[in-house]
Amino acid sequence: MGSTLVTGIAELVTNDPTTGDGSPLGLITKAAVVVAEGRIAWVGSAAAAPATDHRTDLGGQSVVPGFVDSHAHLMFAGDRSAEFAARMAGQPYTGGGIATTVAATRAATDQELLAHLRLLVAEMRAQGTTTVEVKSGYGLDVEHEVRSLRLAGQVTEETTFLGAHVVPADFADRRDEYLALVTGEMLTACAPYARWADVFCEPASAHSFDGAESRAVLTAAAAAGLELRVHGNQLSAGPGVQLAVELGAASVDHCTYLTDPDVDALAAGGKALALDAAGTATGRGTVATLLPGVEFSTRSPYPDARRLLGAGAVLALATDCNPGSCFTSSMPLMIALAVREMRMTPAEALWAATAGGALALRRTDIGRLTVGDRADLTVIDAPSYLHLAYRPGVPLAHALDL
Ligand code: NIG
Ligand code: FE
């Protein structure tokens with residue numbers, strides 16, 4: 001293999017403020033990167049690049065850290081495009097359609113599920129995503145939740161047990177029994193295949209889990225050795241955000257409907273990350289992950305990113321790619337929506353889609369390009385990363401295969 005010089009980079013984003021222009025993106029113009037053994041071996045000005053075994057010239061394109069999509073539900077079968085059409089005609093999104101996907105997922109073979117999963121991961125990589133988290137949550141019984149996680153583990157280390165996605169229809173009158181299953185036998189069977197546990201937390205609803213139920217799910221998962229993440233405050237202001245911060249979840253995702261105390265909690269969660277000068281977390285805080293594709297695809301109000309940034313919360317952006325509330329795999333679209341619809345600056349949005357996602361997954365080897373990090377380079381076919389938001393819908397980004 002040997003070492004490879006990637007040169008001809010018009011603009012390089014390292015996300016290391018100690019490099020380049022000293023901004024959070026650590027921008028270096030006319031840059032080069034040396035990759036060896038799948039890691040970054042050197043970063044700097046092309047004029048100062050060392051000798052290497054191989055050389056790739058990008059001819060004036062830009063390079064950013066590979067997008068980190070820290071929230072996705074790729075483990076499913078079936079189609080809910082008719083639900084989308086009904087929504088565009090005025091139906092609200094409630095999460096009730098999840099049952100349709102559960103039936104289709106249970107009916108699919110392992111081969112079908114894995115082929116579909118690989119297709120979606122390839123679709124993401126072709127758009128610049130180099131790390132993706134994959135949740136279960138469309139199995140909702142012991143056999144199918146374990147299967148989902150076992151298959152997900154074939155494409156990512158970031159596997160999440162979401163047995164508490166919804167209360168399945170056959171348990172509608174026996175919620176307590178489903179909760180006992182998710183916190184007992186199902187958790188025990190799934191824990192060996194999952195790094196994370198998640199819960200769909202909303203104030204009392206037929207589909208999701210209320211504060212007390214969510215607390216039970218999360219504390220049982222933590223006791224089983226899983227790290228925590230939460231779907232919180234998606235459909236209404238609820239207990240999710242405060243529960244996530246209290247229990248030390250790595251991330252609380254959606255954050256669409258927030259009270260002032262929720263914003264305070266997210267600010268405290270961001271502070272607890274204790275980011276150092278190079279942007280590395282030295283503490284265990286909670287990231288607020290915004291999923292603007294959901295608001296786009298459900299025609300809902302966007303989260304107030306400026307309120308969160310103003311308070312000191314640390315933000316990530318992810319797709320939430322799933323068959324119901326948002327079926328897109330595109331991180332560049334999330335960046336464009338964050339800028340256009342949530343008034344994040346292009347720099348804030350790119351940082352949230354890379355470094356923010358890495359913090360939401362408690363990873364220190366991805367989301368930036370410094371010596372020793374994984375060589376996850378995403379090429380933008382443009383003179384600057386600004387084009388990600390400036391040219392929405394144009395396929396400018398792809399992960400670099402070396
Ligand atoms: O993040 N809120 C819960 N889960 C997904 C939607 C899943 C579905 O509708 O199939 C979400 O929006
Ligand atoms: Fe989700």
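Which residues come nearest to ligand 1? I started with that look-up. The model is predicted, and I kept that in mind throughout. I98, F200, N322, G324 and S325 come nearest, out of 14 residues around ligand 1. I then sorted the shell around ligand 1 by residue class. I got 4 nonpolar, 9 polar and 1 charged.

**Domains**

Next I looked up how the protein chain is divided. Domain 1 is made of two segments, 3–65 and 369–399. Domain 2 runs over 67–360. I took the distance between the C-alpha centres of the two domains and got 29 Å. For the contact between them, I counted 22 residues of domain 1 against 22 residues of domain 2.

I asked which elements supply at least two residues each to the side of domain 1 that touches domain 2. I found strand 4 (54–65), helix 14 (387–390) and strand 15 (397–399). Strand 15 gives the most, with 3 residues. I also classed the residues on this side of domain 1: 15 are nonpolar, 5 polar and 2 charged.

**Helix 3 and helix 4**

I turned to helix pairs. Helix 3 covers residues 110–125, and helix 4 covers residues 142–152. Their axes come within 10 Å and cross at roughly 45°. That angle makes helix 3 oblique to helix 4. I noted the hand of the crossing as right-handed. On the helix 3 side I listed D110, L113, L114 and L117. They meet R147, L151 and A152 in helix 4. By class, this contact has 5 nonpolar residues, no polar ones and 2 charged.

**Helix 5 and helix 7**

At what angle do the axes of helix 5 and helix 7 cross? I read roughly 20°, with the axes coming within 9 Å. Helix 5 spans residues 175–183 and helix 7 spans residues 211–223. The two helices are therefore roughly parallel to each other. Their crossing is right-handed. Helix 5 brings L179, V182 and T183 to the contact. Helix 7 brings E213, A216, V217 and A220. I classed the contact residues of this pair as 5 nonpolar, 1 polar and 1 charged.

**Helix 12 and helix 13**

My last pair was helix 12 (residues 331–342) with helix 13 (residues 346–360). Their axes come within 9 Å, and I read a crossing angle of roughly 140°. Is this crossing left-handed or right-handed? I have it down as right-handed. In helix 12 the contact residues are M331, M334, I335, A338 and V339. In helix 13 they are P346, A349, L350, A352 and A353. How do the residues of this contact divide by class? I counted 10 nonpolar, no polar and no charged.

**Recap**

I set the classes down again for reference. The shell around ligand 1 has 9 polar residues and 4 nonpolar. The side of domain 1 that touches domain 2 has 15 nonpolar and 5 polar. The contact of helix 12 with helix 13 has no polar and no charged residues.

Terms used. Residues are numbered from 1 along each chain as its sequence is written. Chains are lettered from A and ligands numbered from 1 in the order in which they are written. This is a predicted model: local features need pLDDT of at least 70, side-chain atom pairs count only at pLDDT 80 or more; totals for chains, interfaces and linings use all residues. A residue is near a molecule or strand if its C-beta atom, placed from the backbone, lies within 6 Å of it. Ala, Val, Leu, Ile, Met, Phe, Trp, Tyr, Cys and Pro count as nonpolar, Asp, Glu, Lys and Arg as charged, and the others, Gly among them, as polar. Axes are lines fitted to C-alpha atoms, for helices over the stretch in contact, and angles run from 0 to 180 degrees between N-to-C directions. Helices (H or I, at least four residues) and strands (E, at least two) are DSSP runs, numbered from the N terminus. Angles under 35 degrees count as roughly parallel, over 145 as roughly antiparallel, 65 to 115 as roughly perpendicular and the rest as oblique. A crossing is left-handed if the near helix is turned anticlockwise from the far one by less than a right angle, and right-handed if clockwise. Two residues are in contact if their C-beta atoms, placed from the backbone, lie within 7 Å. Domain bounds come from an automatic or database domain assignment.
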